[in-house]
Amino acid sequence: MIIYVSGKLSIPFDQFQRYEDFVARIPTIEEKLKQNSIKSTLPDAAPTNLHWVLPQYVTEAVEEFLNHLSLLSEDLINGDTLLHAPVWELCWDRVQAEEGLRTNVPGFYVAGDAIGWARGIIQAATTGIVIARDILNGKKPSDKELTSTV
Ligand SMILES: Cc1cc2nc3c(=O)[nH]c(=O)nc-3n(C[C@H](O)[C@H](O)[C@H](O)COP(=O)(O)OP(=O)(O)OC[C@H]3O[C@@H](n4cnc5c(N)ncnc54)[C@H](O)[C@@H]3O)c2cc1C
């Protein structure tokens, strides 16, 4: 389970805590992890107390959310579940695109995460619709236009 936190942070981000420890507000220690049924797959991640790492309003919101989640099914979360936080999101270069998300290469569009403007499922799906509409409404690039940029 990954907790997204945005904003500027000056702390190491590969940290995690057992859910049971998180609720009890005690640090997860290496000794306890040896018996934990779930292992972290992040090689550099270090056990911690996420209450030391995240602001209180975040830990409270996460706890409330996980409480609700655990009511949906007993299999979704248990004491051994590992909470990793925070996730570091980096944005890359932005691709220049015109209306309809056309690039300067005829017939070549850019969509979803690749644009570099925003990341998210809705944004990715929306860009797909924008491109589909542009293709349906627009004129196809000529063979000459297509081959001249390859
Ligand atoms: C851990 C995590 C949690 C997230 N949670 C959320 C969330 O809660 N809400 C939200 O809105 N967004 C979330 N996102 C972001 C969201 O998943 C992305 O913004 C979205 O999936 C982008 O869609 P996309 O189609 O641009 O790219 P992708 O979904 O990454 O699709 C790209 C596809 O291209 C394939 N591919 C790559 N290279 C090649 C190649 N050479 N040949 C053929 N295929 C290739 C890949 O296998 C992949 O299937 C999360 C992302 C991560 C990593």
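First, a term: I call a residue near a molecule or strand if its C-beta atom, placed from the backbone, lies within 6 Å of it. Two ground rules as well. This is a predicted model, so to speak of local features I need pLDDT of at least 70, and side-chain atom pairs count only at pLDDT 80 or more, while totals for chains, interfaces and linings use all residues. Residues are numbered from 1 along each chain as its sequence is written.

**Entry: the ligand**

Which residues come nearest to the ligand? I looked at the 9 residues around it, and Gly112, Asp113, Gly120, Ile121 and Ala124 come nearest. Helix α5 (residues 121–137) gives the most to this shell, with 3 residues. Helices (H or I, at least four residues) and strands (E, at least two) are DSSP runs, numbered from the N terminus. By class, I get 5 nonpolar, 2 polar and 2 charged residues in the shell. Here Ala, Val, Leu, Ile, Met, Phe, Trp, Tyr, Cys and Pro count as nonpolar, Asp, Glu, Lys and Arg as charged, and the others, Gly among them, as polar.

**Entry: strand β2**

Next I checked β2 (residues 15–18): Gln15 and Gln17 point one way, Phe16 and Arg18 the other, and all are buried. Buried means 20 or more other C-beta atoms within 10 Å of a residue's own, exposed means 12 or fewer, and partly exposed is in between, with C-beta atoms placed from the backbone.

β2 pairs with β3 (residues 46–47) in the parallel sense over 2 bridges, and with β4 in the antiparallel sense over 4 bridges. Strands pair if DSSP finds at least two bridges between them. Phe16 stands opposite Pro47 in β3, and its bridge partner in β4 is His84.

**Entry: the core**

Phe16 turned up again in the largest nonpolar core, which has 8 residues, among them Tyr19, Leu50 and Leu83. The largest share of this core, 3 residues, comes from β4. Such a core is a set of buried Ala, Val, Leu, Ile, Met, Phe, Trp, Tyr and Cys residues joined through C-beta atoms within 7 Å.

**Entry: Gly100**

Gly100 sits in the loop between β4 and α5. Leaving aside neighbours within four places in sequence, Gly100 is in contact (C-beta atoms, placed from the backbone, within 7 Å) with Val130, Ile131, Asp134 and Gly138.

Terms used
Two residues are in contact if their C-beta atoms, placed from the backbone, lie within 7 Å.
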